[in-house]
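The following note was prepared for colleagues who are examining this assembly. It takes up chain interfaces and charged side chains in turn.

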Amino acid sequence: MSIIAIVALAIIVMLAGGFYVGRSRAISAVSGATARLHSLPNFHGYYVAIWTGLPAFILLAAYGMFGSGLVDRLTAMELRRDAAALTASFETALEADTETLALAETLAVLRDRADGVAEAMADLRSASGSDRDPARLEALQSEQTDLVNQLATAEDARLGRRAELRDGVSDEAAEAGASVRALAGFELAHAPRERRQLFLSDARRIATDGLASRASPELDAAAAVMRRHADQIRNLVAGIAIAIAFGGLIRTRGQVAAAFRARNHVESLVTAMLFLSSVIAIMTTIGIVFSLLFESLRFFSTVPLTEFLFGLQWSPQIALRADQVGQSGAFGAVPLFAGTAMITVIAMIVAVPIGLLSAIYLSEYAGPRFRLTAKPVLEILAGVPTVVYGFFALLTVGPAIRGFFAMIGIDDVVTQSALSAGLVMGVMIIPFISSLSDDVINSVPQSLRDGSYAMGATKSETIGRVIIPAALPGIVGAILLAVSRAVGETMIVVMAAGQGANLTANPLESVTTITVQIVMLLTGDQEFDSPKTLSAFALGLVLFVITLVMNVIALRVVQRYREKYD
Amino acid sequence: MTDTSPNPAAELPIKVVARDVTVSYSGKQALHDVSIEIPDRSVTAFIGPSGCGKSTFLRCLNRMNDTIDGAKVGGSLTIDGQEINDKSIDPVVLRASVGMVFQKPNPFPKSIYDNVAYGPRIHGLALTRPELDEIVENALRKAGLWEEVSDRLNHPGTSLSGGQQQRLVIARAIAVNPEVILMDEPCSALDPIATARIEELIDELRENYCIIIVTHSMQQAARVSQQTAFFHMGNLVEYGPTEDIFTNPRDTRTQDYITGRFG
Amino acid sequence: MTDTPDISPIRTAVSKNLGARYRAELRFRAAGLAAVAAAVGILVILLSSIVSGGLPAFTVNELELTVDLDEELVDPSGERSEDSLRRGSYSRVLQNAIRTEFPEVTGRRELRNLFSLYTALNATRLMDEVLEDPGLIGTQHRFTMPLADDLDLYLKGLLVEERSFQPQGTLSLEPSDAGVVVRSTATDFRDLAAEIARTLRARATLLETEADRLTERAQELSGTEAEDMLYDADLNRRQAADIRARLEIDAGPIELDNSLPSILVESEGRTVRLASLARNGAGGTGEYLLGGDSVEAENAWSIQVIDTPVERRRVSDQLIVWTRALEERGAISSTFNTYLFANADSREPELAGVKGALYGSILTMIITIIISVPIGVFTALYLEEYAPKNRFTALIEVNINNLAAVPSIVFGLLGLAVFINAFGLPRSAPLVGGLVLSLMTLPTVIIATRAALKAVPQSIRQAALAVGASRTQTVFHHVLPLAAPGILTGAIIGLAQAMGETAPLLMIGMVAFIADAPTLGLEGFTEPATVMPVQIFLWSDGAERAFEARTAAAILVLLALMIGFNALAIYLRRRFERRW
């Protein structure tokens, strides 16, 4: 780091120097008569400084982002080469192992059967009239669940056997006196992902003289390799950075002349930079779409899309051990959609009347002073972090609901219920609805109000019969935006709605939502490639699509509405 | 200070009487001591340069100034001898009997039928649907719009042309059968042909209503009105039969204005 | 002019149902006001529940003990090296100190109970003090530590309901084989005995009613379900009968069990818990919780009743008595809770603090500011001042509007898939958290900046262009400075929002338990960390009740920060606001 810091400092000095050189050269080129310059002397300075500093800093930033990853990769590659012999013997052991072969065969058979069942189900689903056979569909569904379980078990067994063989090879090699580098390389080539990452991060800690959680000769060997690569890359980057900074300085310094259009050059660079910034927004969307799509497709290669969208059972626990077949993985997301819908509906029942009525009251009835105090109060509600609402639901609203129902004689109400999450989410949405409706109501032209008052209508008649109908599209848009926000809200439901994937219409039970499941699936220890983890991305994709569609519609409705009265 | 004749058309009964009416917006006086008597069943035009207080005075007549924060109205204003600024007079009742048409046509975003039926509905004037249908048809006929829209009463009012919209708004106003109709530059947003139709309509309506019209156009005042009042800087400068005002103004300001020296 | 006001038909018609219309008007208006009141009321409830829940966490009851830093225990190899000092048995030192306070406690179980007055993690704190100043070894050192969380809550009056009163008679305590016999010369326990009898009777009635209900329900059902219900009903009846038998006059003294309030008799450093109450209300039998000698005709005594029964609270009578004794001896004092701010997270609520989360938030926000503000402002400048009106620009605009409404958790998924899995950046690190929050905040900053740029009148641009400035000069010399206050306000509001965001950070692993605060330096950006809202989420899940108060306190800290941010935004807006 320190070398890089020195280089960064040196580049800053060169950059400042470049500015000075460019400026003074420009002035001396016209011997002080700056009016003869095409561009102001400062622009010549900027021009030289930008070409001195910018490329070098981009290089340094890239090094900062990806340097350690590159070092890891190089280290792993080098060590893996050393472990070639071990890898070869591991592969022969794998090929020779009858158990592995048998398991691979079982897997192939199971996959065939699963494909067959999926096909049959698809046929049945698309069938119509007398060909429809719900009983058979159900039978197939249960067979499918069964097959998924068996597949998972077999896959686990295969991985377990593989690990066994791997450990065997590595133990044997250690006893036979193989080099520590080879052992380290073998670990890096064939251990499961988490172990590899842990190994690398420990090696990195040792290499940078930090405290590692453990120490071993393999780690020390890996650390030595890593240190060498890190030093090489660092020195290389430092050298190149200085070189391009210096090169840029020399080259651009030569360009400075009276007629040189430095300002145009600088300005087009600025424009390019601004343009690139605005592209980041697009890149973000592309990133979201691709990362969600990519992982979801991997998920849908194991769990059929129809099963995911129409299945009634959600329990994403893939069997962890062979004897855990009963603990199946079922990826029917309907209970999540239902839970999300229920909580959203409850939230809207709270938020729409309160939000709309307060917006109407504040914009049509309230005096300016009342408005000036009440509006910021509503805005505070919008500024409260959602985790605080979650805590409020958990600590105050949940027990209050429970107490209320116990009072009227219903005892079995849980604290974490759809009702409590929905109510609190409704409160969170109130300011959203009220501020959007406020905008919409205020953009109804005064002439319509005047027209109605001049007919002798009272305020409430004017509001109910003229303003609201006129503002309706805008209000609908606002509500749609609010719904999309409620659907995507996470913390309140994570904390207040519980986790049971119940398919129920009773708001007093605990339900789960899309967002809750994403959190549940992706927090804690995870294997990145299991369907369990990938299903979170599929849920994320659903969430993204739902909210996107609602936003697009809402924004369009609101925009049309605005155009109508502008 | 000004020389106004209280009743320029002695043969007609007096409908509206103003005595020393003043209006101020947040302390700024916009109208100074206006006194005027306006006869029934005729058209009275208010003319004058912009900002002269003619619209402000018009808005006093149905208490639309109440809807503006900080507006204060003083003096006495009576319709049929009844003080309209009196506490006992409800603005809702007053406005039901004093219709108003605005500068820009402002049909509600509803169907043509619902626009016209708006007043009768809120005031509960029709008990049955046929009654309401009759009221709507009558109002549209009086406004000269029935022939054009009778086959598309369910279309939105905003789908009509500007001139039709303005006639729709007039139909909306007369659907409750008011006594006075106020018109605030009703033709300023319309083309000449639509303007001509509206002026024709105003002339027809004169048979039954007391019509007060604010206008920018002196030609229009000359065409449609029987009485004309000239306002300037918040004062009523001159008031009399339209002919007299245009042919024989007594005040130099009126003369300067109608001859186009300012305005 | 007509002489009599002639009321026209329209006026009559309108006046007819005016009353109903005005009542409707009033109802509507009231509904609107009620809606505003509801929103404000909910905010008040929300804030007051959090303030009242969080305030107790800002004070702490500290136990101050004289610890004997015996060289043999603290420095086993006697060489004063860090290594040796780290191997010292500091928990023994603490145990010895608390044992000198209560020398009468000897049994293993009792001792373990005694040591639960504080958490064992305090030994590490003691070690740190010794490591800092090895000169303490061999001395008597005054060491302060927070009291165990439940006892802290007890002293704050949040754990149990209790009352005490002065008796009329004089007390005598007489140790016997089965404990101690308590006698008062007056019937000081009579009201308590009656109260307990009432409680028991009510309990029996409740059991019987429930039994009747079950029997009734069972008649409507059949099969095993009905049988189970009848069985339960029978059980209830038997329990009720037992309770009633206990209350019979000739059944002897009333036994006090864990489901009934605890009655403690206190006198001059002795405390007896009653196990039974005599019928006549003049005493009972019990056991010593503190002290153990007999007493004759003592006047200075009191009766303490802990109404919350033992089975419904987390601390035993014994711990309460010890705590009260320590408090009376002046070893416990209530002070401002510095642990809340000086410590990072801990499994023990009394040692858990927000420092780690605060540092994590600061580091994350630094990244967010560095990335989202410049990029957001640049994007807005491009779209507002430079971009040609073409399809690509329209695409960017639609895109930004939609990004603003993408659920935050989706940004978390993006961070997980791209920054962590594809780029290989470290999990749980403020760097990644900041990147994710930057992308999330970007639309807010862009939209606010565009609004600020739009508010700069076109005339300023035209004036600058007219004197020959280039577009870039116009923008950077004239438009941007004028729009700066608006941009700043928008950016601060966006950042405050990001600071309160939780969900996306859960996705990238900032939800781990991290006992050390990250370094406030360059390397801190890649160290595992958590942030304030995530800390709140983690604590809200904590099993110990004391975490409830900590959570609320952490929320107050977060809200204070956010209010500070927003106040700054409002100040800037007021200070630099310009109207054209």
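Predicted model: local features only at pLDDT ≥ 70, side-chain atom pairs only at ≥ 80, totals over all residues.

1. Interface of chain C and chain A: extent. Contact here involves 73 residues of chain C and 82 residues of chain A. The area buried between chain C and chain A is about 6,600 Å², with carbon and sulfur atoms contributing 78%. On the side of chain C, F28(C), L46(C) and L413(C) supply 9% of the area buried against chain A, more than any other three residues.

2. E461(A) and R21(C) form a salt bridge, with their closest N and O atoms 2.8 Å apart. The element of chain C that gives the most to the side touching chain A is helix α2 (residues 18–54), with 20 residues. By class, that side of chain C consists of 54 nonpolar, 14 polar and 5 charged residues.

3. Interface of chain A and chain B: extent. Here 17 residues of chain A are in contact with 23 residues of chain B. The two chains bury about 1,600 Å² between them, of which 65% lies on carbon and sulfur atoms. Within chain A, the residues that lose the most area to chain B are A454(A), M455(A) and R465(A), which together account for 40% of what that side buries.

4. Interface of chain A and chain B: composition. The count between chain A and chain B is 0 salt bridges, while 4 residue pairs are in polar contact across this interface. Helices α15 (446–454) and α16 (459–488) of chain A each supply at least two residues of the side that touches chain B. The most is given by α15(A), with 7 residues. The side of chain A that touches chain B divides into 8 nonpolar, 6 polar and 3 charged residues.

5. A salt bridge within chain B. Over all chains the structure holds 50 salt bridges. One of them joins the side chains of K15(B) and D80(B), at 2.9 Å from N to O. This pair links distant parts of the chain, 65 residues apart: K15(B) is in strand β1 (residues 14–25), and D80(B) is in the loop between β4 (71–79) and β5 (82–83). K15(B) counts as buried because its relative accessibility is 7%. D80(B) also counts as buried, at 11% relative accessibility.

6. Salt bridges within chain C. R80(C) and D75(C) meet in a salt bridge through their side chains, at 3.2 Å from N to O. R80(C) is partly exposed, with a relative accessible area of 37%, whereas D75(C) is buried, with 2%. A further salt bridge joins R163(C) to D307(C), the closest N and O atoms being 2.8 Å apart. R163(C), in strand β3 (residues 162–165), and D307(C), in the loop between β11 (302–306) and α11 (317–328), lie 144 residues apart. R163(C) counts as partly exposed at 29% relative accessibility, and D307(C) is partly exposed with a relative accessible area of 25%.

7. Leaving aside residues up to four places away in sequence, D149(C) touches P349(C), E350(C), E544(C) and A546(C).

Technical notes
Residues numbered from 1 in each chain as written. Chains lettered and ligands numbered in written order. Heavy atoms only, no water. Contact = heavy atoms within 4.5 Å. Buried area = accessible area lost by both parts, 1.4 Å probe. Salt bridge = Lys/Arg side-chain N within 4 Å of Asp/Glu carboxyl O. Helix = DSSP H or I, 4+ residues; strand = E, 2+ residues; numbered from the N terminus. Nonpolar A, V, L, I, M, F, W, Y, C, P; charged D, E, K, R; others polar. Polar contact = N/O pair within 3.5 Å; in protein donor to acceptor, adjacent residues only side chain to side chain. Buried < 20%, exposed > 50% of the residue type's maximum accessible area, 1.4 Å probe, protein only.
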